[in-house]
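Student: Could we go through this structure together, with some questions about its charged pairs and its helices?

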Amino acid sequence: MSSLALLEMALEYMEGNLSNDIKTDDVAKACYCSKSTLEKLFKSMNNMTVHDYLLRRRVVTGARILWENPNISILDVALTVGYSSNEAFGRAFKQVWNCKPSEFRKEKRYTELFPRLYAPIGQGDDYMTTRRQVDISELYDLIQERRQCYCVCCDIKNMIGLNEISYKAGDLGILETIKRMQDASESEDIIFRIGGDEFAILTQSEEVAYAQEIAKRILSHNGETYDVDGQQVPLNLYASVTKLNGKSIKYHELFSQLHKTIEENK
């Protein structure tokens, strides 16, 4: 089995078992490989362990349920995404969102913080040089409806430097990025992740000035700091605007367009 085929099988298995208390050993067994082989491949491609991926996908799925169902209990959400208690879910939730589930429900506007990953297609086994593919298909219908609207694309400057401080600094930098994007946009604008440190805002407007103003607000906070265990870490972002113009938008073309906009404006 090729490396990418193994990666794809592992991702499919994990996504299908987010409600179950599976471990890395279970994923490896389902993929007919050793735990060490799976971990090495997954870490090389995605810069995280299998455990970290499962934790993030469960918690982000739970956050979506919390946001979409205000009357459902937190325990029911915890059970739905594979946790046996409020306490276990709360600890995992805090690692990803830096707040309690109850605080998230009161204060947060949902964003696709950690979308599903896909193995790259058509790249042979050169997985070390490929861009991670994320799933934004749940937004596709909305994107089609807003295909004449503008997007604001954002990228973190020097994400490597943040991760060199600590992975926690990188994770909190991502949350701070989302916060700045939320503060700069309106409630009907949708924020989603398109890469490791790359995000987009799908606005509700066909006016370029609307999107440009959002980008301006985001950039006005460059140089401001966020707290990482008492250390004040500065965060700087790129922000650029593109239009989704077209009668129909193919999924892969949309993904490429958003990344191209970011690269051209660095």
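Tutor: A salt bridge is a side-chain nitrogen of Lys or Arg within 4 Å of a carboxyl oxygen of Asp or Glu. This is a predicted model, in which local features need pLDDT of at least 70 and side-chain atom pairs count only at pLDDT 80 or more, while totals for chains, interfaces and linings use all residues. Residues are numbered from 1 along each chain as its sequence is written, and side-chain values use heavy atoms, with hydrogens and water left out.

Student: How far apart are the closest N and O atoms in the salt bridge of R180 with E176?

Tutor: Both residues lie in helix α10 (residues 167-184), four residues apart, about one turn of the helix; helices here are DSSP runs of H or I with at least four residues, numbered from the N terminus. The closest N and O atoms of R180 and E176 are 3.1 Å apart.

Student: Is R180 buried or exposed?

Tutor: Buried means under 20% relative accessible area, exposed means over 50%, and partly exposed lies in between (1.4 Å probe, protein chains only). R180 has a relative accessible area of 4%, and therefore counts as buried.

Student: Which residue forms a salt bridge with R57?

Tutor: The pair links distant parts of the chain, with R57 in helix α4 and its partner 42 residues away in helix α1. Both residues are buried. With the closest N and O atoms 2.5 Å apart, the partner of R57 is E15.

Technical notes: Helices (H or I, at least four residues) and strands (E, at least two) are DSSP runs, numbered from the N terminus.
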